[in-house]
Amino acid sequence: MKTWTDKKIALALLLPSVMIVVYWIIKGLIKLYNWFISLPDYSSAWWGSLGSFCINNLSIIIVVYLIICLQVAGVAEFRFKKNFLKAFIFGILMTPPIMLITWGKKQSIVETDLQNGG
């Protein structure tokens, strides 16, 4: 059972965390907007600029991809009763949407067979 002090401590930790995340999102959106504004009109230089942006921010892109894979592995664990580590590795290798589609179809086929008595 949670006491009132536990709730106050949790709230005291939650509020700064939410404020930091909101600040990061706003700063990121402003940076992305300024980057889009500085691009020339659509031309061959646009693709080079996009490539250099991705290379300059590769570590952030990889971390975001891994966080997405972790979240999808958690969904696969709870929804499809799969092993979390196996789902995480499969998500990294196959991309999370393809992993969920593959396991979702396997799950629905098994459920259909069970419902049909097969």
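Colleague: Which helix gives the most to the lining of the largest pocket?

Modeller: α1 does, with 6 residues. This is a predicted model, where local features need pLDDT of at least 70, side-chain atom pairs count only at pLDDT 80 or more, and totals for chains, interfaces and linings use all residues. Residues are numbered from 1 along each chain as its sequence is written, and side-chain values use heavy atoms, with hydrogens and water left out.

Colleague: How much space lies in it?

Modeller: About 410 Å³. That volume is the space filled by probe spheres set on the grid points, which are joined across faces, edges and corners.

Colleague: How does the lining divide into nonpolar, polar and charged?

Modeller: 9 nonpolar, 2 polar and 1 charged. Ala, Val, Leu, Ile, Met, Phe, Trp, Tyr, Cys and Pro count as nonpolar, Asp, Glu, Lys and Arg as charged, and the others, Gly among them, as polar.

Colleague: New topic, cysteines. How many disulfides?

Modeller: The count is 0, taking a disulfide as a pair of cysteine sulfur atoms within 2.5 Å.

Colleague: Is C69 buried or exposed?

Modeller: C69 is buried, at 1% relative accessibility. Buried means under 20% relative accessible area, exposed over 50%, and partly exposed in between, with a 1.4 Å probe and protein chains only. C54 is partly exposed, at 31%.

Colleague: What about L93, buried or exposed?

Modeller: L93 counts as exposed, because its relative accessibility is 66%. L93 is in helix α4.

Colleague: Which residues of α4 are buried, then?

Modeller: In α4 (residues 84–94), they are A87, F88 and G91. They cover an arc of only 100° around the axis, so they sit on the same side of α4. The arc is taken over the directions from the helix axis to the C-beta atoms. On the other side, L85, K86 and L93 are exposed.

Colleague: What follows α4?

Modeller: T95, with a positive phi near 75°.

Colleague: Where is L39?

Modeller: L39 is in the loop between α1 and α2. It counts as buried, at 12% relative accessibility. L39 and S49 are 10 residues apart in sequence and 7.6 Å apart in space, C-alpha to C-alpha.

Colleague: Last one, confidence. Which element has the lowest mean pLDDT?

Modeller: Helix α5 (residues 96–115), at 62, while α1 has the highest, 87. pLDDT is the predictor's confidence in each residue, from 0 to 100. The chain mean is 79, and 81% of residues reach 70 or more.

How values were computed
Helices (H or I, at least four residues) and strands (E, at least two) are DSSP runs, numbered from the N terminus. On a 1 Å grid over the protein atoms alone, a cavity is a set of points where a 1.4 Å probe fits but cannot get out, and a pocket is an open set with protein on both sides within 12 Å along at least five of seven lines; lining residues have an atom within 4 Å of a point.
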